[in-house]
Amino acid sequence: MQRTLIIFKPDTVQRRLVGQILQRFESKGLRIAALKLLQVDRPLGEKHYAEHQGKPFFEGLIDFITGGPVVVGVLEGNEAITVVRSMLGATNGAAAAPGTVRGDFSISKQNNLIHGSDSPESALREIALWFRPEEVVDYTIDGSQWVFGGA
Ligand code: UDP
């Protein structure tokens with residue numbers, strides 16, 4: 001089992017798409033290990049997107065991610081990091097394939113609805129940045145073998 005961090009960015013909350021998109025992840029078989037709504041301040045936004053510091057879109061990205069509340073969560077499942085990334089689609093919503101979250105709901109490079117960790121190292125760093133250890137909950141869901149069997 002692998003854990004990944006997801007952020008329902010402010011556009012998702014404002015467009016009331018949180019439930020609809022979360023349902024896709026649950027239907028796929030991913031388990032919610034943590035979930036909360038919060039208002040991001042600039043230092044947290046800048047830490048999360050530190051790798052993009054200095055790029056032309058950086059300040060606009062920080063304005064965007066701090067522009068309204070986000071819902072942040074940890075999803076767990078077999079190959080969760082790649083599964084979530086492939087469900088999100090390409091960064092630019094205008095180019096993302098139909099059937100992906102961004103392909104179906106976004107037409108913007110910046111306002112692309114959901115963040116998903118891009119590697120095991122990023123997932124560890126990001127989960128520790130957004131959650132205290134006790135906020136990420138270990139539990140089992142009855143019948144999991146029907147979802148993960150043979151994985
Ligand atoms: N972004 C942007 N302009 C760009 C590229 C990216 O505003 O030209 C934003 C967009 O919201 C994206 C985030 O910066 O999701 C992080 O970029 P990254 O390349 O890491 O894309 P992701 O991993 O989210 O697909």
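User: What should I keep in mind about numbering and about the model?

Analyst: Residues are numbered from 1 along each chain as its sequence is written. The model is predicted, so local features need pLDDT of at least 70 and side-chain atom pairs count only at pLDDT 80 or more, while totals for chains, interfaces and linings use all residues.

User: How do I read the sheet, and what is the order of its strands?

Analyst: Strands of a sheet pair through backbone hydrogen bonds, either parallel or antiparallel. Here, strands and helices are DSSP runs numbered from the N terminus (E, at least two residues, for strands; H or I, at least four, for helices). Two strands pair if DSSP finds at least two bridges between them. In this structure, four strands form an open sheet in the order E2-E3-E1-E4, with antiparallel pairing. Strand E2 (31–38) and strand E4 (114–116) are the edge strands, each pairing on one side only. On average, neighbouring strands of this sheet are turned by 20° against each other, direction ignored; axes are lines fitted to C-alpha atoms, for helices over the stretch in contact, and angles run from 0 to 180 degrees between N-to-C directions.

User: Which residues are bridge partners in E3?

Analyst: E2 and strand E3 (residues 70–77) pair over seven bridges in the antiparallel sense. Ile32 has Leu75 as its bridge partner in E3, and Leu35 has Gly73. E1 is also joined to E3 by seven bridges, running antiparallel, and there Leu5 is partnered by Val74.

User: Is E3 mostly covered or mostly exposed?

Analyst: A residue is buried if 20 or more other C-beta atoms lie within 10 Å of its own, exposed if 12 or fewer, and partly exposed in between, with C-beta atoms placed from the backbone. E3 is mostly covered, with seven of its eight residues buried. Helix H7 (residues 120–130) lies across E3 and strand E1 (2–8), running at about 55° to E1.

User: Which residues of helix H2 are buried, and where do they fall around the axis?

Analyst: In H2 (residues 18–28), the buried residues are Ile21, Leu22 and Phe25. They fall within an arc of 100° seen down the axis of H2, so they line one face of the helix; the arc is that of the directions from the helix axis to the C-beta atoms. Gly19, Gln23, Glu26 and Ser27 are exposed on the other side of H2. The cover over the buried residues includes E1, helix H1 (10–14), E3, H6 and E4.

User: Which residues other than glycine have a positive phi?

Analyst: Most residues other than glycine have a negative phi. Among those with a positive value is Glu79, at about 55°, in the loop between E3 and helix H5 (80–88). Glu79 counts as partly exposed because it has 13 C-beta neighbours inside 10 Å. Leu113 also has a positive phi, near 75°, and is found in the loop between helix H6 (101–105) and E4. With 25 other C-beta atoms within 10 Å, Leu113 is buried.

User: What annotation covers His115, and where is that residue?

Analyst: UniProt, in an unreviewed entry, gives the annotation "active site" for His115; UniProt positions follow the numbering used here, feature names are shortened, and annotations may be inferred rather than shown by experiment. His115 is in strand E4 and is buried, with 20 other C-beta atoms within 10 Å. Leaving aside neighbours within four places in sequence, His115 is in contact (C-beta atoms, placed from the backbone, within 7 Å) with Ile6, Ile7 and Lys9.

Terms used: Two residues are in contact if their C-beta atoms, placed from the backbone, lie within 7 Å.
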